[in-house]
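Here's a quick walk through a chain fold, from the overall layout down to a few packing details. Have a look at the model first.

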Amino acid sequence: MRKFIPILIFLFASTTSAQTTCPQTAGEIQPKLSREARRDFETRLTTARADFERDPSADNSIWLGRRTAYLGRYKEAIAIYTDAIAKYPKDARLYRHRGHRFITLRCFDDAIKDFEKAAKLIKGKPDEIEPDGLPNARNIPTSTLQSNIWYHLGLAHYLKGDFGRARKAYREAEKVSKNPDMLVATTHWLYMTLRRLGREKEA
């Protein structure tokens, strides 16, 4: 009987490992927030939760997830987006935001799947301004849904070391980066990607 014990232990460990996902095992690094900022974020989260409980729409799900993530509760935010995707599977915004939080947890394969799904959902559709959760000094949004999808898809590939795919994503992001802020951000990462690929002239 004893000779079967190591085998059983191995099988149990293998099964447990197979069921474990990156978001489950990833660590959450908490953002450094001042007391005033934390209080403000918590107040805004309370409002977002009340809005969601009143109307669990895709919009309210997104804001609940965003406000939750700003406090460093990334896994909870991912769970919010996952529940919303079950209700609104054709809303590209939900995959875009969940993918962003997968990047935060360094779950790059999960992020890539979400951004690729989002890219398919936006194909042939007009772009839309994405409201900022943390507005700039002028309170003017600087990015769009499509530019964010391609930008973050490129980032996920870059952080995985897949610079060829990162280049393709950043070239797509370049097409929809319509304002100077987003264009600078996109071309910055594109430049670094091209240098990694040894494409000095293109860089």
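## Overall layout

The chain's secondary structure amounts to ten helices and zero strands, where helices (H or I, at least four residues) and strands (E, at least two) are DSSP runs numbered from the N terminus. Along the sequence, that reads as α-α-α-α-α-α-α-α-α-α.

A word on the ground rules: this is a predicted model, so local features need pLDDT of at least 70 and side-chain atom pairs count only at pLDDT 80 or more, while totals for chains, interfaces and linings use all residues. Residues are numbered from 1 along each chain as its sequence is written, and side-chain values use heavy atoms, with hydrogens and water left out.

Of the 203 residues in the chain, 39% are buried (under 20% relative accessible area, with exposed over 50% and partly exposed in between, using a 1.4 Å probe and protein chains only). Take the contacts (heavy atoms within 4.5 Å) between residues at least 6 apart in sequence: 57% of them join residues at least 24 apart.

## The nonpolar cores

A nonpolar core here is a set of buried Ala, Val, Leu, Ile, Met, Phe, Trp, Tyr and Cys residues joined through side-chain atoms within 4.5 Å. The largest has 42 residues, and A92, I103, I149, W150 and Y170 touch the most other members. At least two residues of this core come from each of α4 (58-70), α5 (74-87), α6 (92-104), α7 (108-122), α8, α9 and α10 (180-196).

Setting aside residues up to four places away in sequence, A92 touches A118, L121, I122, L145 and I149. There's also a second, separate core of seven residues, F41, L45, L64 and L71 among them.

## α8 against α9

Helix α8 (residues 145-160) packs with helix α9 (residues 163-175) at an angle of about 165°, their axes 8 Å apart; axes are lines fitted to C-alpha atoms, for helices over the stretch in contact, and angles run from 0 to 180 degrees between N-to-C directions. That makes the pair roughly antiparallel (over 145 degrees; under 35 is roughly parallel, 65 to 115 roughly perpendicular and the rest oblique).

On the α8 side, the contact involves S147, W150, Y151, L153, G154, L155, H157 and Y158, and α9 brings F163, R165, A166, A169, Y170, E172 and A173.

## A loop residue

L134 sits in the loop between α7 and α8. Beyond its neighbours within four places in sequence, L134 contacts F41 and Y70.
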